[in-house]
Protein chains: 2
Amino acid sequence: MDNEENKIQLSSQRFVEASKFRGKTYISIREFYEDPEGNLKPGKKGISLTIDQWKKLCENIHKIDRMIDRLDI
Amino acid sequence: MDNEENKIQLSSQRFVEASKFRGKTYISIREFYEDPEGNLKPGKKGISLTIDQWKKLCENIHKIDRMIDRLDI
């Protein structure tokens, strides 16, 4: 079973997940699907960020929000 | 030419971009590549979030950081 503690739900099928692969931590923002056994599996649509990329995203939240505001004017 | 004001660089090829499509605003976290003319083009690897999904991600930054910390223990 999936460890729900490691996923944040963004929409019915989209999640943010933290995981380790070959000793490195990744933050995946990804669409998931249910396999025939009802387990949530990662799909193709998404991206797995390194910690450095994740930090850069977090540092730039306000800039990104301003980009959104400019588009909506 | 691309409007640099609408992109935040996460790594050499990865960017966060705000854009409008059919009247809706999307935040794309995506790998880009250079076409033969030197223009930056969006690649397949990535995900385009709606504003609602983007807000949910932002609201959960601290939870996601805690998920990362738990993995690194």
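This is a predicted model: local features need pLDDT of at least 70, side-chain atom pairs count only at pLDDT 80 or more; totals for chains, interfaces and linings use all residues.
Let me start with Glu17(A), which is buried at a relative accessible area of 17%, where buried means under 20% relative accessible area, exposed over 50% and partly exposed in between, with a 1.4 Å probe and protein chains only. Its partner is Lys7(A), and the two form a salt bridge whose closest N and O atoms are 3.4 Å apart, the term standing for a side-chain nitrogen of Lys or Arg within 4 Å of a carboxyl oxygen of Asp or Glu. Glu17(A) lies in strand E2 of chain A and Lys7(A) in strand E1 of chain A, so the pair ties together parts that are 10 residues apart in sequence; helices (H or I, at least four residues) and strands (E, at least two) are DSSP runs numbered from the N terminus. Lys7(A) also counts as buried, at 13% relative accessibility.

Residues are numbered from 1 along each chain as its sequence is written, chains are lettered from A and ligands numbered from 1 in the order in which they are written, and side-chain values use heavy atoms, leaving out hydrogens and water.

A second salt bridge in chain A joins Arg14(A) and Glu31(A), at 2.9 Å from N to O. This pair links strand E2 of chain A, which holds Arg14(A), to strand E3 of chain A, which holds Glu31(A), 17 residues apart. Arg14(A) is buried at 10%, whereas Glu31(A) is partly exposed at 22%.

In chain B, Lys7(B) and Glu17(B) form a salt bridge, again with 3.4 Å between the closest N and O atoms, and both residues are buried. Over all chains, the whole structure has 4 salt bridges.

Leu10(A), Ile47(A) and Leu71(A) supply 18% of the area that chain A buries against chain B, more than any other three residues.

Note on methods:
Buried area is the accessible area (1.4 Å probe) that two parts lose on being put together, summed over both.
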